[in-house]
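Dear colleague,

I am passing on the structure we spoke of, together with some notes on its fold.

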Amino acid sequence: MKAVEKYFEKYKIRYFLEFPEDKICPICNTNEKDYCVLIGIDGTGDGSIEEGQPVHLHCLINRNLRYNREVGVIYYKQTIKRT
Ligand SMILES: [Zn+2]
């Protein structure tokens with residue numbers, strides 16, 4: 001994973017090697033130990049600092065990310081399994 005760490009350092013992306021034990025990734029709903037990054041949470045900033053939600057790097061890349069051109073937002077589309 002040295003390539004990933006080099007990539008983060010090149011783009012000055014703050015990352016963590018392990019997921020915080022007291023948090024849950026909003027995409028996979030686990031706190032599996034793996035690389036994660038912090039995503040700013042809407043409505044928590046005071047202009048200089050804001051709350052961050054840890055999200056697994058692999059979840060950001062592998063899951064059902066979508067881009068909505070109309071709104072200009074990248075989001076995760078939760079798949080609903082109907083029985
Ligand atoms: Zn995850």
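How many residues lie between strand 4 and strand 5 in the hairpin that they form, and which residue in the turn has a positive phi? There are four residues between the two strands, and Gly72 is the residue in the turn that has a positive phi, of about 75°.

Before going further, please note that this is a predicted model, in which local features need pLDDT of at least 70 and side-chain atom pairs count only at pLDDT 80 or more, while totals for chains, interfaces and linings use all residues. Residues are numbered from 1 along each chain as its sequence is written.

The overall layout comes next. The chain holds two helices and five strands, where helices (H or I, at least four residues) and strands (E, at least two) are DSSP runs numbered from the N terminus. Read from the N terminus on, the order of the elements is α-β-β-β-α-β-β, and the C-alpha trace spans about 40 × 30 × 25 Å along its principal axes. Of the 83 residues of the chain, 6% count as buried; a residue is called buried if 20 or more other C-beta atoms lie within 10 Å of its own, exposed if 12 or fewer, and partly exposed in between, with C-beta atoms placed from the backbone.

Helix 1 covers residues 2-10, and since the number buried among its nine residues is zero, it lies largely in the open. Just after this helix comes Lys12, in the loop between helix 1 and strand 1, and Lys12 has a positive phi of about 50° although it is not a glycine. Lys12 counts as exposed because it has 6 C-beta neighbours inside 10 Å. Asn29, in the loop between strand 1 and strand 2, likewise is not a glycine and yet has a positive phi, here of about 60°; with 8 C-beta neighbours inside 10 Å, Asn29 also counts as exposed.

Turning to the strands, I use the rule that two strands pair if DSSP finds at least two bridges between them. Three strands make an open sheet in the order 1-2-3, with antiparallel pairing, and its edge strands are strand 1 (15-16) and strand 3 (52-56), each of which pairs on one side only. Strand 1 is joined to strand 2 by two bridges, and in this pairing Phe16 stands opposite Cys36 of strand 2. Strand 2 (residues 36-40) is joined to strand 3 by five bridges, the two running antiparallel, and Leu38 faces Pro54 in strand 3.

Gly40 belongs to strand 2 and counts as exposed, because it has 11 C-beta neighbours inside 10 Å. Leaving aside neighbours within four places in sequence, Gly40 is in contact with Gly45, Glu50 and Gly52, contact being defined as C-beta atoms, placed from the backbone, that lie within 7 Å. Gly40 and Glu51 are 11 residues apart in sequence, and their C-alpha atoms are 6.0 Å apart in space. For the chain, among contacts between residues at least 6 apart in sequence, 30% join residues at least 24 apart.

With best wishes

Note on methods: Contact = placed C-beta atoms within 7 Å.
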